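Please examine the sequence and the model below. The paragraphs that follow lead through selected backbone features, the nonpolar cores and a sheet.

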Amino acid sequence: MQLVVARVGRAHGIKGEVTVEVRTDEPELRLAPGAVLATDPASTGPLTIETGRVHSGRLLLRFEGVRDRNAAEALRNTLLIAEVDPDEKPEDPDEYYDHQLMDLDVFTADGTEVGRITEISHLPSQDLFVVERPDGTEVLIPFVEEIVTEIDLAEQRAVIDPPPGLIDDRAEIASARDASEEGDAPEPESASSEEDGTTGKDA
């Protein structure tokens, strides 16, 4: 299968190098010298990486046949696409490629359906699963060991142990309000029926 691994940025210098926006966790593998990459637009490629180096925190690449700044600038905004075996897995057993996690069904440990992973959001601090719930709403699940307890690719499911409020913040707010009221003055007779209408969790 094909995966976007980088986007070409602006030209760097006058010898054909370009900056790239890396979109893979394994640039040393996907963007190594000698790698042949398809492109979007397709007419720009394929491109073969000739050299690569890091400069001021940015990855710089030079492609075969690109020898000057004008040629490099003509590649700006081109997407670089690698051919990846869909069964290939990262070396670290606790890591996964995005395409392996997409569309996994998400359940809690007791078997309650949460929804389906529709997107992986990569933030500086952590990765997030964007999960579409059966009612069409979305919930964000941090991809950390304490919350995502199991990934079963064979069964196409992820098991989570969500902290209070992560799945249904309304239930958490209601619970906190109940606990607060229990420690205060006696409740009015109508309080019980009012709370009953706000504590139910979504199916």
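Aspartate 103 counts as partly exposed, because its relative accessibility of 42% falls between the limits of 20% for buried and 50% for exposed residues. In this predicted model, aspartate 103 sits in the loop that links α3 (98–101) to β7 (105–108). Its phi is near 75°, a positive value in a residue other than glycine.

Serine 56 likewise has a positive phi, near 55°, and is not a glycine. This serine belongs to the loop between β4 and β5. Is serine 56 buried or exposed? Serine 56 counts as exposed, because its relative accessibility is 68%, and the term applies over 50%.

The interior may be considered next. In soluble globular proteins, nonpolar side chains tend to be buried together. Here the largest nonpolar core comprises 20 residues, and those with the most contacts inside it are Val18, Leu31, Leu37, Ile49, Leu61, Phe63 and Leu80. At least two residues of this core are supplied by each of β1 (2–12), β2 (17–22), β4 (47–55), β5 (58–63) and β6 (79–83). The largest share, 4 residues, comes from β1. Apart from this core lies another, of 16 residues, which includes Leu104, Ile117, Val131 and Ile147.

Which residues does valine 18 touch, leaving aside those up to four places away in sequence? Its contacts are Val8, Arg10, Ala11, His12, Leu59, Leu60, Leu61, Phe63 and Ala72.

Strands of a sheet pair through backbone hydrogen bonds, either parallel or antiparallel. In this model, 6 strands form an open sheet in the order β10-β9-β8-β7-β12-β11, with mixed pairing. Its edge strands, β10 (138–142) and β11 (148–152), each pair on one side only. From one strand to the next, the twist averages 35°. Within this sheet, β7 and β12 (residues 157–160) run parallel and are joined by 4 bridges. Aspartate 105 has arginine 157 of β12 as its bridge partner.

Definitions and conventions:
Residues are numbered from 1 along each chain as its sequence is written. This is a predicted model: local features need pLDDT of at least 70, side-chain atom pairs count only at pLDDT 80 or more; totals for chains, interfaces and linings use all residues. Side-chain values use heavy atoms; hydrogens and water are left out. A nonpolar core is a set of buried Ala, Val, Leu, Ile, Met, Phe, Trp, Tyr and Cys residues joined through side-chain atoms within 4.5 Å. Buried means under 20% relative accessible area, exposed over 50%, partly exposed in between (1.4 Å probe, protein chains only). Contact means heavy atoms within 4.5 Å. Two strands pair if DSSP finds at least two bridges between them. Axes are lines fitted to C-alpha atoms, for helices over the stretch in contact, and angles run from 0 to 180 degrees between N-to-C directions.
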